[in-house]
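Hi everyone, thanks for making time this morning. I'd like to walk you through one structure, so let me put it up on the screen.

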Amino acid sequence: MPDTIEITLNGEQRSVSDGSSIADLLQELNHDSRYLAVECNRELVPRRQHSECRLQPGDVVEIVTLVGGG
């Protein structure tokens with residue numbers, strides 16, 4: 001079993017594989033990055049950096065999905 005780390009995702013504790021990126025997390029959650037915004041430790045992470053941003057123990061990640069309508 002791979003090593004895991006603990007992060008906070010949208011206010012809830014979650015275990016992710018050590019070395020995971022934001023892109024890996026989004027794929028695991030079946031989220032399409034085109035329709036959401038991701039913040040890590042209160043800083044917006046641009047979509048082009050999702051693969052480069054490696055999650056660390058204790059990170060606080062917020063994922064906000066964009067919903068159209070009127």
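**A walk across the sheet**

Let's start with Glu39, whose bridge partner in strand 4 is Leu44. Strands 3 and 4 run antiparallel there, joined by two bridges. Please keep in mind that what you see is a predicted model.

Now look to the other neighbour. Glu39 also has a bridge partner in strand 5, namely Glu62. Strand 3, residues 36–40, and strand 5 are antiparallel as well, with five bridges between them.

Moving on from strand 5, we come to strand 1. Here the sense is parallel: strand 1 and strand 5, which spans residues 60–65, pair over two bridges. So what does the whole sheet look like? It is an open sheet of five strands in the order 2-1-5-3-4, with mixed pairing. At the edges sit strand 2 (12–17) and strand 4 (43–44), each pairing on one side only.

Strand 1 covers residues 4–9, and Thr8 lies within it. Which residue of strand 5 is the bridge partner of Thr8? That is Val60. Is Thr8 buried or exposed? Thr8 counts as buried, because its relative accessibility is 18% and the cut-off for buried is under 20%.

As for its surroundings, leaving out residues up to four places away in sequence, Thr8 touches Gln13, Asp59, Val60 and Val61.

Conventions:
Residues numbered from 1 in each chain as written. Predicted model: local features only at pLDDT ≥ 70, side-chain atom pairs only at ≥ 80, totals over all residues. Heavy atoms only, no water. Helix = DSSP H or I, 4+ residues; strand = E, 2+ residues; numbered from the N terminus. Buried < 20%, exposed > 50% of the residue type's maximum accessible area, 1.4 Å probe, protein only. Contact = heavy atoms within 4.5 Å. Pairing = 2+ DSSP bridges.
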